[in-house]
Structure formats: C-alpha cells, structure tokens
Amino acid sequence: LRRPAADRGWIDLLQECADRSFHLDHGEHLAGSARRVTDHDPLFVQAYAYAASMLMWSANRPDAAAALLEKGIEYNPGSTKLKYYLAAFTYYRLADMKRETAVLAVLAERPDAPFILRRTLANTYEKLGHRDRAVRLWKLMWRMPRDAGETRWLLGKAARNHMSEADLEKD
C-alpha cells in the first residue's frame with residue numbers, strides 16, 4: 001500500500017503546485033508534501049526532482065530544495081538526475097553554498113559520479129577562487145570516459161588556465 005499512497009500524494013503535490021495559493025504562500029507546504037510522498041516511496045526520484053525544482057525556482061526556498069535533493073540522493077545514490085539538480089542549484093546559488101559544495105565534493109569522489117556533476121563542481125571551485133581544487137577535478141575528468149563535447153570543454157579549460165593536455169595527464 002506504500003506505492004499507492006505515494007502516487008496519491010504525488011497527485012496532491014502536483015495539484016498543490018498548480019494552485020494559486022502555492023505562489024501566494026511561496027510554497028510553504030510543498031516541502032512537507034514532498035516528504036509525505038517520499039516517505040511512502042523513497043525511490044520516487046521524480047517526486048524529489050520536481051518538488052525540489054519548484055522549491056528552488058518558484059518558491060525561492062533553496063535550503064528546502066537542497067535538503068530534499070540530499071534526502072533523495074541518500075535513498076537513490078545511483079540517480080544522476082538528482083545529483084545533476086543539486087549541482088545546478090549549487091552553481092546557481094554561489095552566494096551561500098558551503099554546505100552544498102561539501103555535498104557535491106563527496107558525490108564527485110564516487111566512481112559513478114556523472115561528468116556533469118564534476119564539471120559543475122569544478123566551475124564552482126573556479127568561481128570561488130579554489131583553482132587547485134578545480135585543476136584536481138579536471139585531471140580526474142581527463143582520466144574518465146567522456147564524449148567529444150566533454151573533451152573539448154576540458155581542453156578549453158586547460159588552455160584558458162595555461163595548461164596543456166600533458167598537464168591534465170599528470171597526477
């Protein structure tokens with residue numbers, strides 16, 4: 001009965017987001033609604049992603065959005081989507097992101113971390129003035145499988161930072 005309860009909660013959550021009161025109260029109840037859905041079905045990745053997006057972009061509740069994504073990642077460690085969303089939210093919120101950057105750093109160390117998560121974290125480090133950390137990530141990404149676009153991005157980063165392909169290969 002847990003899955004049907006989660007599905008019912010999901011429908012309620014979608015209706016809540018479509019209701020005019022959602023915007024008037026800045027999504028005050030959305031985090032609670034999302035918790036109810038995901039407590040019934042902790043593997044419901046779409047519920048975490050959608051509710052976190054609404055909390056972040058429509059309700060201006062970035063802390064609640066990040067907390068919801070972190071819970072989703074805890075229960076769904078293989079979800080690239082949730083990791084990508086957390087990375088995007090963190091990059092957007094460069095003003096106050098110490099906690100989120102720490103979470104991304106832990107996720108980036110995992111062997112299954114998606115390229116885009118590491119790329120976002122490297123960009124974040126660069127913007128924060130932590131070039132050494134960004135370079136370490138670029139070198140890690142150079143050693144992992146990547147597509148042509150990702151290779152071009154890495155070579156561009158290296159060139160802009162006066163590094164060669166050989167520099168990326170060094171430990």
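I took buried to mean under 20% relative accessible area. This is a predicted model, and I kept that in mind throughout.

**Entry 1: helix H8**

I began with H8, where Phe-115, Leu-117, Arg-118, Thr-120, Leu-121, Ala-122, Asn-123, Thr-124 and Tyr-125 are buried. Then I checked its length: H8 runs over residues 115–127, and its 13 residues should span 18 Å at 1.5 Å a residue. The end C-alpha atoms are 18 Å apart, which agrees. Just after H8, I noted that Gly-129 has a positive phi of about 85°.

**Entry 2: salt bridges**

How many salt bridges does a search of the whole structure find? I got nine.

I looked at Lys-157 and Glu-126 next, whose side chains meet at 2.5 Å, N to O. This pair links distant parts of the chain, with Lys-157 in helix H10 (residues 148–160) and Glu-126 in H8, 31 residues apart. Lys-157 counts as buried at 10% relative accessibility, whereas Glu-126 is partly exposed at 27%.

Asp-12 and Arg-8 form a salt bridge at 3.5 Å, N to O. They sit four residues apart in helix H1 (residues 2–18), so about one helical turn separates them. I found Asp-12 partly exposed, with a relative accessible area of 33%.

Asp-112 and Arg-110 meet at 3.0 Å, N to O, in another salt bridge. Asp-112 is partly exposed at 37% relative accessibility, and Arg-110 is partly exposed at 32%.

I also picked out a network of salt bridges linking Arg-3, Asp-7 and Asp-41.

**Entry 3: aromatic rings**

I counted six aromatic pairs in the structure. For Trp-10 and Tyr-50, the ring centres are 5.8 Å apart and the planes are at 80°, so the pair is edge-to-face. Trp-10 lies in H1 and Tyr-50 in helix H4 (residues 45–58), so the pair ties together parts 40 residues apart in sequence. Is Trp-10 buried or exposed? At 16% relative accessibility, Trp-10 counts as buried, while Tyr-50 is partly exposed at 26%.

Tyr-85 and Phe-89 make a tilted pair, 6.2 Å centre to centre with 50° between the planes. Both lie in helix H6 (residues 80–92), four residues apart, about one turn of the helix. Tyr-85 is partly exposed at 22% relative accessibility, but Phe-89 is buried at 4%.

**Entry 4: charges over rings**

Last, I looked for charges above rings. Arg-3, already noted in the salt-bridge network, lies over the face of Phe-44 at 4.8 Å from the ring centre. Arg-146 lies over the face of Trp-142, at 4.0 Å from the ring centre.

Definitions and conventions
Residues are numbered from 1 along each chain as its sequence is written. This is a predicted model: local features need pLDDT of at least 70, side-chain atom pairs count only at pLDDT 80 or more; totals for chains, interfaces and linings use all residues. Side-chain values use heavy atoms; hydrogens and water are left out. Helices (H or I, at least four residues) and strands (E, at least two) are DSSP runs, numbered from the N terminus. The expected span of a helix is 1.5 Å times one less than its number of residues. Buried means under 20% relative accessible area, exposed over 50%, partly exposed in between (1.4 Å probe, protein chains only). A salt bridge is a side-chain nitrogen of Lys or Arg within 4 Å of a carboxyl oxygen of Asp or Glu. Rings of Phe, Tyr and Trp (its six-membered ring) pair if their centres lie within 6.5 Å; planes under 30 degrees apart count as stacked, over 60 as edge-to-face and the rest as tilted. A charge sits over a ring if NZ of Lys or CZ of Arg is within 6 Å of the ring centre and within 35 degrees of the ring normal.
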